[in-house]
Amino acid sequence: MADIQSTQAAAPAIIRRADYRVPDWLIPDIALDFDLDAARTRVWSDMSVARNGDHDRPLRLDGDGLVPLAVKVDGRTLNETEWTLEAGALVVPLGGATHKVEVLVELAPESNSKLMGLYASGGLLCTQCEAEGFRRITFFPDRPDILSRYSVKLTADKARYPILLANGDPVEQGDLEGGRHWALWNDPFPKPCYLFALVAGDLACNADRFVTMSGREVALGIWVREADLPRTDHAMQALKNSMAWDERVYGREYDLDVFNIVAVADFNFGAMENKGLNIFNSRYILADPETATDIDYDGVEGVVAHEYFHNWSGNRVTCRDWFQLSLKEGFTVFRDQNFSADMGSHAVKRIEDVRILRAAQFQEDSGPLAHPVRPESYMEISNFYTATIYNKGAELIRMMALMLGAERFRAGTDLYFDRHDGEAATCEDFVRAMEEGGEIDLGQFRRWYEQAGTPHVRALLSHDPVSRTAELLLEQSVPPTPGQPDKRPMAIPLRVALYDPATGSHHGDELLMLTEAQQRFTFDNFASLPILSINRGFSAPVIVETNRSQADLAFLSAHDDDPFARYEAMQQLMVNVLVGQVAGQSVDVSAVVDAVRNTITDPLLDPAFVAEAVRLPSEAYLGDQMKQVDPDAIHAARDALQTRLGADLEPLWRDIHARTKANGFAVSPAAKGARKLRNVALLYLVASGADDGPAIAYGQFSDADNMTERQSALATLASGTSPEREAALDIFYNRYSDDALTLDKWFQTQAFAFHPDTVELVAELGQHKAFTLNNPNRVRSLYGAFAGNQWAFHHKSGKGYRLVADCIIALDKLNPQTAARLVPPLGRWKRFDEGRAALMRAELQRILNEPGLSKDVTEQASKSLE
Ligand code: ARG
Ligand code: ZN
């Protein structure tokens, strides 16, 4: 008994937003001196510290796994009784108002498997500090409201680490005896320590330049392994486009003389906006037609832009505390979404973004990990880099931009940047700047930051022939979420248009503000019941239920002049059929077949839009529409509808597939759209059951001059059982076994596949010689993808759950952040039948019983069981 209890670690402490206090000590300046080596790096830190306010509390410097080898105050070495270590932090009592404090520590980057702090990736040494990695590099008050000027000296072996990079501008460099060299960097902009970065290694540079709107020249560098240089042009173009776009759209200019980006192979997430030295997961830098899909190209463009935009929304104006994370992330996602829309198609970008929001954020918001955009508490901040903070946060900014209009929104952002430049701000500061700069009252709107859960809106349209008016009854409710049983009504901006069936057109697009639990809106001059087009452009991140008939939806799928609403009508038409079938109702499929036929034969439509519109909703999205998810019935119904659409329209798919074959490769929006449509046509053609389907897919796989078509053909084959399946997988493996990013696609394609033995195949792939838990991209490609494959993951035996739980347990010992990201799929047990729910809970419990479990996984698994 005593033994068991002693292995149970104390529950991790809960950090609360309400407990925010200004820092006791400020650190206006810090000089860091790194003697770099993969096995043993020495870090000498020299800080000026200043008492903040009238108090007698000691200086408290956070540390994680550090031991102070020397501590000096004002030049005098302290003996070990003059400081203490408390929960990893170095506590030093100080008497005066300002002091100079120095600390020496030693690190072992090559054994840092968490990839937080200073670590080794390939032959490189690099850092990741957001959110709390700086405390793994040196003792420091690791909180974003401490802004310091950094001067950084790096010394290392010159042959192994010829390139030495840090934040800011380069000052000086030189050679030393014994084959060593050094470089000094200075960042003139005070910054929080989460934006600190350094990189050392053998890197090649794609060098370019950008002249800012005030005529300053900036040296741009994208640093990669020599062999990867030819794959950096798309990222460089994206960077230059981003710099120009932020000047044009927000009036924001870059502020240093250099801007460097480094690509690393081992990275916990997408990329990081360190001041003047962005560090990227290589998957968001490297792209060429041979290895990158169009989705990859778009990912590179979007993430390069995102990190660049952080220079203003995040770095110049940073966050007061981590509860304000969406201040920088939501706003920056909004900015990168609009940038990408401007680079390509607004309509298609909006559809893609909403698809991501619904797949990731709506799921989160309806489960045990739901939290407000501005959370009230956390155990481990790394767990809050979520779709809610990022994507729902972006929707909040989008709603404000819509309510204000372009000009007043710009006035609001100008005021925000001017007022808070050089500060650590809050979400409230942003909203206030919008109110004052945009002259609007956002009182009720603030609830979007406070209340978790996706609002539901019921929209019922009726008509009175006597008064010739239509009446729209809107009702809203926000479901209970953990810690928030009762909700108040939200301020929901809904773009609406009413189509007159007689004329086939509408009387104009209106913005309705739904602010009450129930509200009625009337519209004059309708001889008969109009057709409702609502939440056009997805103006609010809500779930809308309407009383529209399948005929209404079919009309909108053919005529709505708002592309999102048109897409949505088509999706809703399909959802109604599929949900009806899963519920055992006999439903009329022909309306869907007709709508798809109309769409693919409409010569005026953008092929990229057509591809989005005719794709069936995902199994997970269908599950979300049901009280209880039945993964097998959903898979069967969706598969049958795909076959039906394939077979009924087979000649059309054949024709599209043949006609969209390009002559040569381009990354233009038109070329990407053609490939998207071609791949959808292939999918339906194979689904039709036509004898030559697999052969056509195999032909596309073999003949393609680009990865978009090759991988798509592979994915189509991987979801079947044809002999071509094995052949294509083998060829793909042999061709790309030396290229980590492309090999990830081989793992991912199989983990995503609709194949009856996916669980066993994934288990085998987990033992494959090319699989490793040390690389987060590889882990996500296999286990992350698998956990998103509803049909396979939710196999009723529970073997899919066991597989993921085993991975979480093993990975937690190496990399808790990445392990914790695999927990949420197991937490959705309330949405499934009792049998599955019990199996999921058992796996969560087994994870929690693991001795020495990280704070990261403990938080996610324990909340998931509640
Ligand atoms: N700020 C980075 C971005 O641009 C992401 C940092 C993620 N950090 C984490 N601990 N998950 O989105
Ligand atoms: Zn970001």
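**Annotated spans**

I started with the record: UniProt lists residues 453–546 as "domain: Peptidase M1 alanyl aminopeptidase Ig-like fold", from an unreviewed entry. I keep in mind that UniProt positions are in the numbering used here, that feature names are shortened, and that annotations may be inferred rather than shown by experiment. Over 453–546 I get 0% helix and 51% strand, with the end C-alpha atoms 20 Å apart. Helices (H or I, at least four residues) and strands (E, at least two) are DSSP runs, numbered from the N terminus.

This is a predicted model, where local features need pLDDT of at least 70 and side-chain atom pairs count only at pLDDT 80 or more, while totals for chains, interfaces and linings use all residues. Residues are numbered from 1 along each chain as its sequence is written, and chains are lettered from A and ligands numbered from 1 in the order in which they are written.

UniProt also gives residues 96–195 as "domain: Aminopeptidase N-like N-terminal", again in an unreviewed entry. That span is 0% helix and 53% strand, and its end C-alpha atoms are 29 Å apart. For residues 235–445 the UniProt annotation is "domain: Peptidase M1 membrane alanine aminopeptidase" (unreviewed entry). I find 55% helix and 9% strand there, with 37 Å between the end C-alpha atoms.

**Confidence**

I checked pLDDT, the predictor's confidence in each residue, from 0 to 100. The chain averages 97, and 99% of the residues score at least 70. Residues 1–8 stay under 50, and the model has one contact beyond four places in sequence for them. A contact here means C-beta atoms, placed from the backbone, within 7 Å. ipTM and pTM both come out at 0.98.

**Ligand 1**

Which residues are around ligand 1? I list Glu130, Ala131, Phe269, Ala271, Met272, Glu273, His306, Glu307, His310, Glu329, Ser382 and Tyr385; the criterion is a C-beta atom, placed from the backbone, within 6 Å of the molecule. Strand E20 (271–272) and helix H3 (294–309) each supply at least two residues of that shell. By class the shell has five nonpolar, three polar and four charged residues. Ala, Val, Leu, Ile, Met, Phe, Trp, Tyr, Cys and Pro count as nonpolar, Asp, Glu, Lys and Arg as charged, and the others, Gly among them, as polar.

Glu130 and Ala131 are joined by a cis peptide bond, omega about 0°. Ala131 sits in the loop between strand E11 (124–128) and strand E12 (148–157). Leu115, a residue other than glycine, has a positive phi near 60°; its loop runs between strand E9 (98–107) and strand E10 (117–121). I flagged these since most residues other than glycine have a negative phi, and most peptide bonds are trans.

**Helix pairs**

How do H4 and H6 pack? Helix H4 (residues 325–343) and helix H6 (residues 387–404) pack at about 70°, axes 7 Å apart. Axes are lines fitted to C-alpha atoms, for helices over the stretch in contact, and angles run from 0 to 180 degrees between N-to-C directions. H4 and H6 are therefore roughly perpendicular to each other, a label for angles of 65 to 115 degrees. Their contact has nine nonpolar, five polar and two charged residues.

Methods: Two residues are in contact if their C-beta atoms, placed from the backbone, lie within 7 Å. Angles under 35 degrees count as roughly parallel, over 145 as roughly antiparallel, 65 to 115 as roughly perpendicular and the rest as oblique.
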